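Have the viewer open while you read.

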Amino acid sequence: MHRLFVALRPPAAIRDLLIDLMDGVDGARWQDDDQLHLTVRYIGEVDSRTADDVAAALTSIRFDLPTLRLSGCGMFDTRGRPNALWAGVAPREPLAILHKKVDQALIRAGLEPEHRAYVPHITLARLPGSAGPVDGFLARNVALTSADFSIAHMTLYESHLGSAGASYEPVERYALTGP
C-alpha cells in the first residue's frame, strides 16, 4: 500500500521563515524542513495500481498558480482541543481552484471526492494532548506575512510513518503551467 498526497513545496526562504517561528508551545512536535508543504489534496492509502492511476491522472492538470504569500497563523482542533498549528497561505481562491482540479482528476482516476473543506495552510506543529497552551504562539503570529513567492510545480508524495514521525518521498513532480 502507498500513502499518498499532492502538495506544493514552498521555497527555502519561506521554509526558513517558518522554522524561525517554531517555538513557545511546550510539547509541540514541530515539523522539520523536509516536512514543510502545502497540501493540495490528501489521498491516503492506495494499492500500487491505483497509485499509478493517480500519477497518470495528475499529468492532465493545467494551472497557472499566481504568486503566494504567508498569511497569518491558526490551529486545528478536535472537540475544542488544539491538535495542529499552521501558517495560512494566500490568496486562497486560486489554491481552492487548484485543489478542485486535482480532486476532479483523482475522481476520474477512481478515488472518492474530498469531503472536507479546503483550507490552504502549511502545518507547523502537531500537538499531542500534553502540549502546552497555544494562545501566546497564535497572538505573536496572527499577522504573519511574507514576501510573495512562486511555486512552479506540484508534487505527488508518498508518506512513510516511523517512530520519529512522517517522512515524505517525492514520487513525481508536475509543472504548473497553462490555463
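1. Contact here means heavy atoms within 4.5 Å. With that cut-off, and leaving out residues up to four places away in sequence, Arg15 touches Arg9, Pro10, Asp33 and Leu36. Keep in mind that this is a predicted model, where local features need pLDDT of at least 70, side-chain atom pairs count only at pLDDT 80 or more, and totals for chains, interfaces and linings use all residues. Residues are numbered from 1 along each chain as its sequence is written, and side-chain values use heavy atoms, with hydrogens and water left out.

2. Where does Arg15 sit? Arg15 is in helix α1, residues 12–21 (helices are DSSP runs of H or I with at least four residues, strands are E runs of at least two, and both are numbered from the N terminus). Arg15 counts as buried because its relative accessibility is 13% (buried is under 20% relative accessible area, exposed over 50%, partly exposed in between, with a 1.4 Å probe and protein chains only).

3. How many salt bridges does a search of the whole structure find? The search finds 5, a salt bridge being a side-chain nitrogen of Lys or Arg within 4 Å of a carboxyl oxygen of Asp or Glu. One of them pairs the side chains of Arg15 and Asp33 at 2.8 Å, N to O. Arg15 lies in helix α1 and Asp33 in the loop between β2 (29–30) and β3, so this pair ties together parts that are 18 residues apart in sequence. Asp33 counts as partly exposed, at 25% relative accessibility.

4. Arg41 and Asp103 also meet through their side chains in a salt bridge, 2.7 Å from N to O. This pair links distant parts of the chain, with Arg41 in strand β3 and Asp103 in helix α3, 62 residues apart. Both ends count as buried: Arg41 at 4% relative accessibility and Asp103 at 10%.

5. Then there's Glu114 with Arg116, a side-chain salt bridge at 3.0 Å, N to O. Glu114 counts as buried at 19% relative accessibility, whereas Arg116 is exposed at 56%. Elsewhere, salt bridges that share partners join Arg9, Arg15 and Asp33 into one network.

6. Last, helix α3 (residues 92–108): its 17 residues reach 24 Å from first C-alpha to last, close to the 24 Å expected at 1.5 Å a residue (the expected span is 1.5 Å times one less than the number of residues). Its buried residues include Leu95, Leu98, Val102 and Asp103, and what covers the buried residues of α3 includes β1 (2–8), β3 (38–46) and α2 (48–58). After α3 comes Gly110, with a positive phi near 105 degrees.
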